[in-house]
Amino acid sequence: MAKKPSSQTTSGKGGAEKQPGRLKQIGMVAKVVHQQSPKSIPLAAAVAVVILAVAISVGIWTGSWIIWTLTGIPLAFLVGFIIFTRSAQRVQYKMLDGRLGAGMAILENMRGNWVVEPGVAANKQMDVVHRVVGRPGVVLVGEGDPGRLRGLIAAEKKRVSRVAMDTPIYDFKVGNGEDQVPVSKLQRTLVKLPRNLDKSGTAELNYRLKALPAAMQMPKGPIPKGAKMPKGMRGKMGG
């Protein structure tokens with residue numbers, strides 16, 4: 001009798017689920033984009049068709065339609081894909097706007113030499129401060145009530161300044177109100193900050209910050225039965 005495949009065999013080594021392929025991921029994103037912005041994908045396709053049609057027309061007119069067609073196909077695909085990815089980015093910002101953790105999601109997907117430490121400070125009201133280290137220096141990004149964040153950010157800035165020395169420390173609050181940065185502009189705001197450190201300076205600063213004790217420390221040993229953790233720490237626990 002043939003043996004039935006075990007659950008470990010079907011789900012992969014260690015029971016981990018197989019990640020969807022690139023094409024499947026693009027299909028999932030396209031489905032969400034179409035639901036949130038129905039005109040985006042047809043617009044990208046229309047622009048790609050127009051570019052390809054222009055290339056073929058020029059090729060026929062010049063008598064080199066093969067060369068122009070081979071040039072137009074990748075160009076049309078590239079432009080259409082750029083329009084699609086920008087539409088997907090706008091949909092992402094729209095879906096994240098106003099949600100707790102939206103700023104952290106943007107920060108953790110930033111490209112380049114950025115080190116993100118999510119939730120370095122928090123309170124019982126679920127206001128939270130994230131720390132980002134990069135070429136500009138230290139950036140503190142707060143999510144939650146602006147009034148309560150003022151004290152949280154000030155305390156974290158004081159704590160960081162012990163090892164940051166003369167390194168600039170910037171702070172921003174995520175939101176759509178006065179003196180706040182919208183989710184859609186958060187990444188752009190950080191990228192536009194002046195570059196005050198080189199790569200070695202950034203690495204050294206990260207090393208010094210890692211040596212700082214955690215702002216919210218868990219008690220050593222097992223947690224007593226029935227004890228409740230502060231809300232700000234629950235997200236940091238694995239289970």
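Select Ile 60 and show its side chain. Ile 60 counts as exposed because its relative accessibility is 60%; buried means under 20% relative accessible area, exposed over 50%, and partly exposed in between, with a 1.4 Å probe and protein chains only. This is a predicted model, in which local features need pLDDT of at least 70 and side-chain atom pairs count only at pLDDT 80 or more, while totals for chains, interfaces and linings use all residues. Residues are numbered from 1 along each chain as its sequence is written, and side-chain values use heavy atoms, with hydrogens and water left out.

**Stop 1**

Ile 60 is found in helix α3, residues 40–62. Helices (H or I, at least four residues) and strands (E, at least two) are DSSP runs, numbered from the N terminus.

Val 49 is exposed, because its relative accessible area is 54%. Then pick Phe 77, which is 28 residues from Val 49 along the chain; the C-alpha atoms of the two are separated by 8.9 Å.

**Stop 2: the sheet**

Switch to a cartoon view and find the four strands that form an open sheet, in the order β1-β2-β3-β4, with mixed pairing. β1 (115–122) and β4 (169–174) stand at the edges with a single partner strand each, so one side of each has no neighbour in the sheet. On average, neighbouring strands of this sheet are turned by 25 degrees against each other, direction ignored. Axes are lines fitted to C-alpha atoms, for helices over the stretch in contact, and angles run from 0 to 180 degrees between N-to-C directions. Strands of a sheet pair through backbone hydrogen bonds, either parallel or antiparallel. Two strands pair if DSSP finds at least two bridges between them.

Select β1 and strand β2 (residues 128–134): they run antiparallel and are joined by five bridges. Ala 121 stands opposite Val 129 in β2. The hairpin of β1 and β2 has five residues between the strands, and in this hairpin Met 126 takes a positive phi near 70 degrees.

Next, select β3 and β4, which pair in the parallel sense over six bridges. Gly 142 has Lys 173 in β4 as its bridge partner.

Move on to Glu 143, found in strand β3, residues 137–143. Is Glu 143 buried or exposed? Glu 143 is buried, because its relative accessible area is 3%. Show His 130 as well: a polar contact of 2.7 Å joins the side chains of Glu 143 and His 130. A polar contact is a pair of N or O atoms within 3.5 Å; within protein, one must be able to donate a hydrogen and the other to accept it, and residues adjacent in sequence count only if both atoms are side-chain atoms.

**Stop 3: salt bridges**

How many salt bridges does the structure hold? It holds six, a salt bridge being a side-chain nitrogen of Lys or Arg within 4 Å of a carboxyl oxygen of Asp or Glu.

Select Lys 210 and Glu 117, whose side chains meet in a salt bridge of 2.5 Å, N to O. Lys 210 lies in helix α8 (residues 199–210) and Glu 117 in strand β1, so the pair ties together parts that are 93 residues apart in sequence. Lys 210 counts as exposed at 55% relative accessibility, and Glu 117 as partly exposed at 24%.

Then select Asp 127 and Arg 148, a salt bridge with its closest N and O atoms 2.4 Å apart. Asp 127 lies in the loop between β1 and β2 and Arg 148 in helix α6 (residues 146–164), so this pair ties together parts that are 21 residues apart in sequence. Asp 127 is buried at 2% relative accessible area.
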